[in-house]
Every structure is written in C-alpha cells, then in structure tokens.
Amino acid sequence: LSGLLTDNQWKALVVWLTVLTALVVLATLSRGRLGRRMRAVRDDESAAAMAGIPVGRTRVTAFVVSAGCASLAGACEAYLLGTATPSSFSLALSLSLLAALVLGGLGSLWGALWGALALVYLEAAGRELADLLGLGSSVADNLPPVFFGVMLVVIVTAWPTGVHGALRRLGGLSARQRTPNPPSDPPSITTTGA
C-alpha cells in the first residue's frame with residue numbers, strides 16, 4: 001500500500017481500526033453478563049453481593065479491562081510518536097481528556113468517542129482559524145483551548161448529558177415522530193347485574 005497511502009495515512013488507518021475494534025469489543029462486553037455485573041456493582045455493592053455477584057472478582061475484572069484499554073491507548077500513541085515517555089502525558093492532557101469526556105457524555109462509551117473527536121478536530125479548527133486570521137503565535141497557541149472551552153460551556157449548558165445524550169434524545173424524538181399513534185382500544189361495554 002506504499003503507493004496508495006502515505007505513512008501518516010497508514011498510521012491513522014491503523015489507529016482508527018484499533019479504536020473502532022476496541023469500541024466494538026467494549027460495547028459487546030458491556031451488554032453481556034459481565035457488563036450487567038459491573039453495572040450492578042457500580043450502582044449498589046451490597047445489593048449485588050446479595051444477588052450472588054462476586055463483587056471483588058467483578059471489581060478486579062473491571063480494573064483489568066480498564067488497564068487493557070489504557071495500555072492499548074498508550075501503544076497507539078507510541079506507534080504514532082515512535083516513543084513513549086511519561087512526559088507526554090501531562091496534566092494539561094489529563095484535563096483535556098476529562099473535559100472531552102464531559103463534552104461527549106459521561107457514562108457513555110460512544111460519548112467518549114464524540115469527546116475525543118471534538119477534542120482533536122476543534123483544536124485543529126482553532127489552529128486553522130488562527131492561521132487564517134493571521135494572528136500572532138501567542139494568540140494562535142491559546143485560541144484552540146479557548147475555542148474548546150467555549151464549545152464545552154455551550155454544549156454542557158444546552159445538553160447536560162453531552163453530545164451523545166443530545167443525539168440519543170434527537171433520535172428518540174425522530175423515532176416518535178415516525179411512528180403513528182397506536183389505535184386506541186374500543187370502549188368496553190360494562191354490564192351491571194341486578
């Protein structure tokens with residue numbers, strides 16, 4: 001594929017395939033028995049234990065799945081950058097990822113994807129806007145975080161459940177508009193005995 005794709009396109013393709021595969025695996029996992037157990041332990045440990053769910057084993061399994069996802073993300077970054085150092089994971093990156101989760105929708109697997117897309121593409125749009133307007137380097141460096149912050153405030157104010165919650169609500173509204181009202185039952189005739 002060296003003639004069809006550049007090195008950067010190939011890396012992007014590999015990372016996107018990895019991310020989409022991981023999301024499908026996690027979505028399948030969360031809809032199965034293990035996902036139900038994890039939700040039960042998250043909601044109420046005592047009730048989960050009384051229902052026969054092994055709380056300790058479920059917590060360890062959740063930690064292992066989380067660690068696997070984090071290591072996969074680190075491997076993708078090492079593949080892209082060619083190196084993996086602790087300095088590449090700064091406090092600013094952690095706060096940006098947390099803000100992206102809030103923007104996409106907390107508690108939602110697909111909300112994390114929406115937040116990551118917003119983080120990357122809003123930052124790129126902010127840089128392009130700064131270049132287009134011919135702003136100085138100090139303004140151009142600070143414009144993407146400001147742009148992302150404004151979008152975060154607008155999204156959270158308009159839709160507290162994030163982008164994914166807003167899309168689910170819009171999908172529910174459009175589904176209700178497409179389905180006609182069900183026919184009402186005919187009035188029942190009641191007889192009273194004497």
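1. Ground rules first. This is a predicted model, so local features need pLDDT of at least 70 and side-chain atom pairs count only at pLDDT 80 or more, while totals for chains, interfaces and linings use all residues. Residues are numbered from 1 along each chain as its sequence is written, and side-chain values use heavy atoms, with hydrogens and water left out.

2. Overall make-up. The protein chain has eight helices and zero strands, and its pattern along the sequence reads α-α-α-α-α-α-α-α. Helices here are DSSP runs of H or I with at least four residues, strands are runs of E with at least two, and numbering starts at the N terminus. Of the 194 residues, 18% count as buried; that means under 20% relative accessible area, with exposed being over 50% and partly exposed in between (1.4 Å probe, protein chains only). Among contacts with a separation of 6 or more, residues 24 or more positions apart account for 51%, a contact being heavy atoms within 4.5 Å.

3. How to read the helix pairs. Two packed helices are described by the angle between their axes and the distance between the axes. The axes are lines fitted to C-alpha atoms, for helices over the stretch in contact, and the angles run from 0 to 180 degrees between N-to-C directions. Under 35 degrees counts as roughly parallel, over 145 as roughly antiparallel, 65 to 115 as roughly perpendicular, and the rest as oblique.

4. H6 against H7. Helix H6 (residues 109-133) and helix H7 (residues 137-158) have axes that come within 8 Å and cross at roughly 135°, so the two are oblique to each other. On the H6 side the contact includes Ala-118, Leu-122, Gly-126 and Arg-127, which meet H7 residues including Asp-141, Pro-144, Phe-147 and Met-151. The contact residues divide into 12 nonpolar, one polar and three charged.

5. H1 against H6. The axes of helix H1 (residues 7-31) and H6 come within 10 Å and cross at roughly 155°, which makes H1 roughly antiparallel to H6. H1 brings Trp-16, Val-19, Leu-23, Leu-26 and Ala-27 to the contact, and H6 brings Leu-109, Trp-110, Leu-113 and Leu-117. That gives nine nonpolar residues, no polar and no charged.

6. H5 against H7. Helix H5 (residues 91-104) packs with H7 at an angle of about 30°, their axes 10 Å apart, so H5 is roughly parallel to H7. The crossing is left-handed. Ser-96, Ala-99, Ala-100, Val-102 and Leu-103 of H5 touch Phe-148, Met-151, Leu-152, Ile-155 and Val-156 of H7. The tally is nine nonpolar, one polar and no charged.

7. Two glycines to look at. Gly-111 lies in helix H6 and counts as buried, at 0% relative accessibility. Leaving aside residues up to four places away in sequence, Gly-111 touches Ala-100, Gly-104, Gly-105 and His-164. Gly-107 sits in the loop between H5 and H6 and is exposed, with a relative accessible area of 88%. Gly-107 and Thr-161 are 54 residues apart in sequence, and their C-alpha atoms are 9.2 Å apart.

8. Cysteines. Zero disulfides turn up in a search of the whole structure, a disulfide being a pair of cysteine sulfur atoms within 2.5 Å. Cys-69 is partly exposed at 32% relative accessible area, whereas Cys-76 is buried at 13%.

Definitions and conventions
Nonpolar A, V, L, I, M, F, W, Y, C, P; charged D, E, K, R; others polar. Left-handed = near helix turned anticlockwise from the far one by under 90°.
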